[in-house]
Amino acid sequence: MSVLKPFSKLPGLKTATILLVEREEQFQQSLADALVEETGVTVNVRLAKSLPLPVENEESRPRIDLVVFIINLTSELSFQSAEASLKYLDAGYFLGKVCFMVTNARNTLVPTNRLDGVRKLAASLQCPLLFAEDQTPDGVSNATERLLAILKVAAGLVPMATALYLSNLTRCTVPPDIDQPSFD
Amino acid sequence: MAAKLSLSGPSDSDTSSPSDQSVSGRSVNRSLRIAEKERRKNEAEDPFVLALKYFSDVEPGTPVNGNDQLERNLVCVEKVAYSKGLHPEAISIMLEFAMSLRMGSSPCVRVLKCLIPSSVVPQEAVVRAVVWLGIGKIPISTQVLFIKWVLTVFDMIDAKDQLRAIYGFIFSFVTEENLVCDDLGILVKMRVFRVRKLLELQSKVGRQPFLMHLLSLYKVFCPELVTLSIPSPMKNAFRNHNSPWKSALLAVQKRNGSQVSSSSLSLTAKDKTNSRKRKHCHLEVPALNSAVNKQAQTDSCSSRKVVPLVQIHSFAQLLENMHRIELPAQMGSLLGSSLTLQFLDCVQDESALLRLNSWLGYALHEEFLFCNDAGSFQNSEEALQFLEKLLSTLHFRQEGFSSIEVFLYKFLNAWDGSLLRPQILGLMSNIPVVTSSQIGQFLFEPLMQLFFTSSLFFKCGLMECLNNMLLKWLTWHSVYALEDDLDISLNSHTSINITLSGFKDSVMELVHFVGRLATVGLQLEGCHSLLLSFILDFYETVCDMFLKYGLPLVVMPPPGVFYPALFAADPVSVDRLAYIMYRYKVNLTSAKRQEKLKEQAFHISRQTFHEFNHYVVVMVNCLWNSKMFHQGMGVQLGEEVLLKSNVPQYSNSFDLIHHPAFLSYAVDFHQKCWPGRKDMDLNSIKHSKPWRWYLEYLFTQGYDGLKQFVQSNISWQPIAGDGGSDDLATQQR
C-alpha cells in the first residue's frame, strides 16, 4: 500500500519510463509494443492492472515519468478502477505527469454521462484527456506518438518545456453542451 | 408465381378486396406464361420455389402446431433471405402470407423478420399489407414490427406515389400506438393538421423523446408551424429502431453487391434506384430519384406541372424549369451532382436547404459519433468517399452547412487526431465565421489539446487548416460586406448576421490563437522549418488582410514567430519573413493614408505601429547594420556574456553575410568575385561596391521578399569610399 512518488528516484540518462494502467489489459499491450519501438530515447514501459503497484518490485522499479490511465468507455468498471487507483499517486504526479486515455468514445453503446464523468475527473485533476482509436493500426500508432510526445516532455527530454508547462496547455476542460437550446 | 402476376396488374388488385389475389393473377397474357413455364421447368426442383408456392397457395386456417411442411418451407425461405435476400416476387408472396394471418399470428412475426429484399420491394405489396393492417386482427406488436420494416426498406420501395395516398392512414398509427420512428417524418408528408395533432398529442402525453424527434423533423420541413424549442435535431430517440434488419440487409447487400446491379438490369424500366442507398450501405450518397415514380411522371408533368430533378440534364433545362422543379425524395442525393447544387443555390425555398442540412447532420452523427462495435473501421473506405464528396460539395458551394459545424464541434471533443485527418481538417476549414464568444469554447479548447500532444505533421496540418479557414472568412467578408451600415451578412442562406466589429473580433481571436499555437509549437518542435513554413503561410494571409480583403485590421506576429523566422537556418524562411514585413508596411501605409483621407475611417492602434517599427528596426539592424545587440533591440545580452562566448565580431553574426542562412551564398559570392584569392575575408564584401553586387547576387537567387523589404525600408545610396551603408528604417509614426 505504497504511494507512487515522482521524484523519489534518480532519472536514467536519455531514458523515459511510462506506466500504463488499464483494467482490461487489452490496449496496453499493443501500446507497449509500439512504444518500445522508439529509437531516439530508451523507453521503458511498465504495465499495471490497477494501482497500488506491488511492494516487492519497488527497489528495481525505475523512476516513472508518466502515468497513463487507459479507460474503456464501454465498461463502467474500467472507469471505476482508474478512479480508485488515483489515490495511490503522489500529488507531485498531478503536476503534469498523469494523463487519461479513453477508448471507444464514439461507440453507440456508451452512455453519454460516462464520458462526461471521465471528463470531469480529468478536468478536476487538470490532466490531459486523450482519445484513441484502439481498433485500427493507424489509431494505435497515433496514440503511441501522442503518448511519446507527452512522455518526452514529462521525462525532461525536451529543452525549454516542462511537464507542468505542457499539461497547462493541454489539460482537459469540460466542453459546453452543444445540444443546449441556447446554441444557435 | 401468382404474386408475380398480380404485380403486373397492380391497379385492380389495389382497389379490390385482398382475397381475390389469385383471380387477378390469372389474367395474364400467354407469352409470358410460356416463358415462365420454361423457367419453371428448370427450377421445378428448387426447394425455394416450392416453398414460395406453398406460401402462396396455403389454405387459411391450416394448423401451425406440428406442421412439418410449414416449418421446412419457412426454414428454406429464411436461409435464402439471410444469404442472398429475397427477390421482389418472393417479398410480395411472403408479405401477403404474413399479413393475411392465414396461419395465425405466430409465423407472421417470423416471416416479417426475414423479409430482406435483394433488390427492390414492390410498392403493391406494401400497399396491400397496409390494407391488411386495417382489418384489425393483427396484434399491435406485429403492427409496430411491420411499420418498422417499412421504414427500414423505405428507400428500396420501387415507387411511392400510391404509398403517398395512404400517408394519412399510416399517420394514424402515431396516435394509436405511440409508434413514431425518425423516418416517419420523411414518410408522412407535411400537413398542417398533422402538426397540430402532434402538438395536441404531445401536451397529452408529455415530452416523449420520439415525439420530440418527429416534431423536430417537422420543424426542419416546416419551421413556421412548429414554434416549440427543440433541444437538438440530433438527439436520436430511435437510433436502433431498424436494427433487426439493418445488419442483415447490410450483409446481403455486401455479399451480392454486384449481383444487385446485374439483376436490376431487368428492372431498368421500373427504376434505377435499386443500386444502393445510404440506409443500407450507410454512407452512400443516395442516387437521385424523384418522389413520383416513372410511370406517373408523364401524367404529372402535364397535369401538375412538376418536373422531377432527375429529368434535368443540362443547365439550360434547369433554367427553363426552375419554377416547377420537384425536390427528390432523398435530399442527400443533391450532393451528387453540380447541377443539383446549382439548383439548391438559386432556389428561394429555404426548406430544401433545411432538409439537406437535416439529412447531413443525421448521417454524420450516425456514422461518426455513434458507431457500432466494428463499424468504424470496416466502413472507413465508405466514410472516406462520403467525406470527400462532402468536401467537393463545400468547395463547389463555397458555403458550409450548419449541421457540419455542430457535428465538428462534437467530433473534435472525441477525436484522436488521426482518424480521417485530411477530411476532418478540410471540413473544419469550411466552418463559417464563429462569434468570438463561442470560438474559444467550441474550437480552440479541443484544438489546443490536440495540437500540443500530436505529431509535427498534425501541427502542420492544423496550421494549414486554420490558414484556409481564415482565407474563407476573409473571402466571405470581401464578398458579402455591406458598405453602408458596416454590417456583414455572411452565408446568405442561414442568414448569420455579424457586425463588422464582431467579425473583426472573431478574426482577431483566430489570429491570436494561431500566434499562441505557433509560439509554443515552434518551441516544442525546436523551431522545425517545416512547421515554420506553415506558420509563415498563415502570416502571409494575415499581413494582407487590409489590402486584399478590405478588412481594416492589422495584427502583427508575436515575437515567438518573428525571431525564430529571422534567425532561421534556411534562407527561405528569412526571405518570407522579409516579404511579410514588406506587405505589413504596404498595408499600414495605405491604411494610414486612408485614415487621413476620410475622417471616419478606422483607427489602427499605436501599439500596432510600435510593434511594426520595432520589428523593422530589429531586422534592419540585424541584417544590414550589424548592430545586433545594441541598446533597445529585441535581444539584449550583457557585454561580458558576449565576450565570454568567444565569438569574434559577435555583432556581425546575423548580417546578410554571416547569417547562418546566407553564409553559403556569401562564400559562393566571394569565390566568384575574387577567384584568385587564397584567404577568404568575408568582411571585404561589406565594402560599398561588392556589397551592392552581393545584394544583386542574392536577389537573382530568387529572394524577392528580401529585395522588396530592402527596397522599401532602406534608402540606400552607395557612396563611394564609405565602407558601411546608409540606412534608414522608415518610421510609420
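Visitor: What is the count of salt bridges between chain B and chain A?
Guide: In this predicted model, a salt bridge would need a side-chain nitrogen of Lys or Arg within 4 Å of a carboxyl oxygen of Asp or Glu. Applied between chain B and chain A, the count of salt bridges comes to 0.

Visitor: How many residue pairs are in polar contact between chain B and chain A?
Guide: Here a pair of N or O atoms must lie within 3.5 Å, and both residues must have pLDDT 80 or more. Counted in this way between chain B and chain A, the residue pairs in polar contact number 11.

Visitor: Which helix of chain B gives the largest share of the side that touches chain A?
Guide: Several helices of chain B supply at least two residues each to the side that touches chain A, among them helix 22 (350-369), helix 25 (402-412) and helix 29 (500-524). The largest share, 9 residues, comes from helix 27.

Visitor: How large is the area buried between chain B and chain A?
Guide: The contact involves 38 residues of chain B and 39 residues of chain A. Carbon and sulfur atoms give 56% of the buried area, and that area is about 3400 Å².

Visitor: Turning to helix 9 of chain B, is it mostly covered or mostly uncovered?
Guide: Helix 9 runs over residues 123-135 and reaches 19 Å from its first C-alpha to its last, close to the 18 Å expected. A residue counts as buried when its relative accessible area is under 20%, and the buried residues of this helix include B:Val126, B:Trp132 and B:Leu133. With 10 of its 13 residues buried, helix 9 of chain B is mostly covered.

Definitions and conventions. Residues are numbered from 1 along each chain as its sequence is written. Chains are lettered from A and ligands numbered from 1 in the order in which they are written. This is a predicted model: local features need pLDDT of at least 70, side-chain atom pairs count only at pLDDT 80 or more; totals for chains, interfaces and linings use all residues. Side-chain values use heavy atoms; hydrogens and water are left out. Contact means heavy atoms within 4.5 Å. Buried area is the accessible area (1.4 Å probe) that two parts lose on being put together, summed over both. A polar contact is a pair of N or O atoms within 3.5 Å; within protein, one must be able to donate a hydrogen and the other to accept it, and residues adjacent in sequence count only if both atoms are side-chain atoms. Helices (H or I, at least four residues) and strands (E, at least two) are DSSP runs, numbered from the N terminus. The expected span of a helix is 1.5 Å times one less than its number of residues. Buried means under 20% relative accessible area, exposed over 50%, partly exposed in between (1.4 Å probe, protein chains only).
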